[in-house]
Amino acid sequence: MLHPVRFQEAVNILMQMAKGDEPRYAVTANVDHVIRFSRSPEVRPLYTAADLIVADGMPIVWASRILRTPLPERVAGSDLLPAMCAAAAEQGLSVFLLGGAPGAADDAAKVLKQRHPTLNLIGTYVPPYGFEKDAIESAQALQAVQAASPDILFVGLGSPKQENWIVANRAICGATLSVGVGISFSFVAGHIARAPKWMQKTGMEWVHRLWQEPGRLWKRYLIDDMALVWLVLKRLFKKAT
């Protein structure tokens, strides 16, 4: 499911995809993605359709090493977004931001343009919550992307909504490369602070996120994501038998 690539290698691969002639799609898979993939066969096509799937989480990297199929390092969507925008500015590729919390995409766009004045950031669009259930709102979101026809489309709708949107629309939205990046617009905009580097490198970023939003994230991190341990144990047992 996951591609064993290092961070800079992933950036290079994605930038090449963005220069191609066919629509491509990348997933930044965290623990939630892995558990969803294992439990829900109906969502698996969201991942098998992807051209690149990277490990966005140190627990996934650790699990891969325990299972002796090691991934070289974490490749976080929140790091890919600014790195790819820097590369896009250098290589003359256009960028569009879809989704995010109210104001996050616009503020992230301002930050990215300040960092990279030559970046061709051609638009942002933030559909209202629940837009996917409204035909008119869904059409407006799609039309906004189609009108821009970007080389790179970053989609921050949360998972699996962003993957559903990309798979359903990538052939018609006009973007050459679509990448799901979750809450990354809020990080770039400075609306939500990233964990210190040492917490990111030691796999403790989830503690920082839980401290910031305990009401929303406690069940995800403390209950749901613990299923990864069970998945690893099951895989080890299968290998041993």
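**Figure 1. Cys 85 and Cys 173, two buried cysteines.** Cys 85 has 0% relative accessibility, so this residue counts as buried. Buried means under 20% relative accessible area, exposed means over 50%, and partly exposed lies in between (1.4 Å probe, protein chains only). Cys 173 is buried too, also with a relative accessible area of 0%. The sulfur of Cys 85 lies 16 Å from the closest cysteine sulfur, in Cys 173, which is too far for a bond. Cys 173 is in no disulfide. A disulfide here is a pair of cysteine sulfur atoms within 2.5 Å. The structure holds 0 of them. This is a predicted model: local features need pLDDT of at least 70, side-chain atom pairs count only at pLDDT 80 or more, and totals for chains, interfaces and linings use all residues. Residues are numbered from 1 along each chain as its sequence is written, and side-chain values use heavy atoms, with hydrogens and water left out.

**Figure 2. The whole protein, with 13 helices and 6 strands.** Helices (H or I, at least four residues) and strands (E, at least two) are DSSP runs, numbered from the N terminus. The C-alpha atoms fill a box of roughly 55 × 35 × 35 Å, taken along the principal axes. How does the radius of gyration of the protein compare with that of a compact globule of 241 residues? The globule would have a value near 18 Å, and the protein has 18 Å, which agrees. That radius is taken over C-alpha atoms, and the globule rule is 2.2 Å times the number of residues to the power 0.38. Of the 241 residues, 47% count as buried. The protein exposes about 11,900 Å², and carbon and sulfur atoms supply 57% of that area. Accessible areas come from the Shrake-Rupley method with a 1.4 Å probe; for residues, only the protein chains shown count as cover. Contact means heavy atoms within 4.5 Å. Among contacts between residues at least 6 apart in sequence, 74% join residues at least 24 apart.

Figure 3. Two strands pair if DSSP finds at least two bridges between them. Val 27 has Ile 53 of strand 2 as its bridge partner.

**Figure 4. Ser 178 in strand 6.** Strand 6 covers residues 177-180 and holds Ser 178. Ser 178 is buried, with a relative accessible area of 1%. Which residues does Ser 178 touch, not counting residues up to four places away in sequence? They are Arg 24, Tyr 25, Ala 26, Leu 153, Ile 166 and Cys 173.

Figure 5. Gln 143 sits in helix 7. This glutamine is partly exposed, with a relative accessible area of 48%. The C-alpha atoms of Gln 143 and Leu 177 are separated by 17 Å, and the two residues are 34 apart along the chain. Ser 149 is in the loop between helix 7 and strand 5. Its phi is positive, about 45 degrees, although Ser 149 is not a glycine. Ser 149 is partly exposed, at 41% relative accessible area.

**Figure 6. Helix 4 and Arg 68.** In helix 4, Met 58, Ile 60, Val 61, Ala 63 and Ser 64 are buried. Just after this helix comes Arg 68, with a positive phi of about 65 degrees. Arg 68 belongs to the loop between helix 4 (58-66) and helix 5 (77-91). Is Arg 68 buried or exposed? At 75% relative accessibility, Arg 68 counts as exposed.

**Figure 7. The cis peptide bond at Pro 160.** Ser 159 and Pro 160 are joined by a cis peptide bond, with omega about 10 degrees. Pro 160 lies in the loop between strand 5 and helix 8 (161-169).
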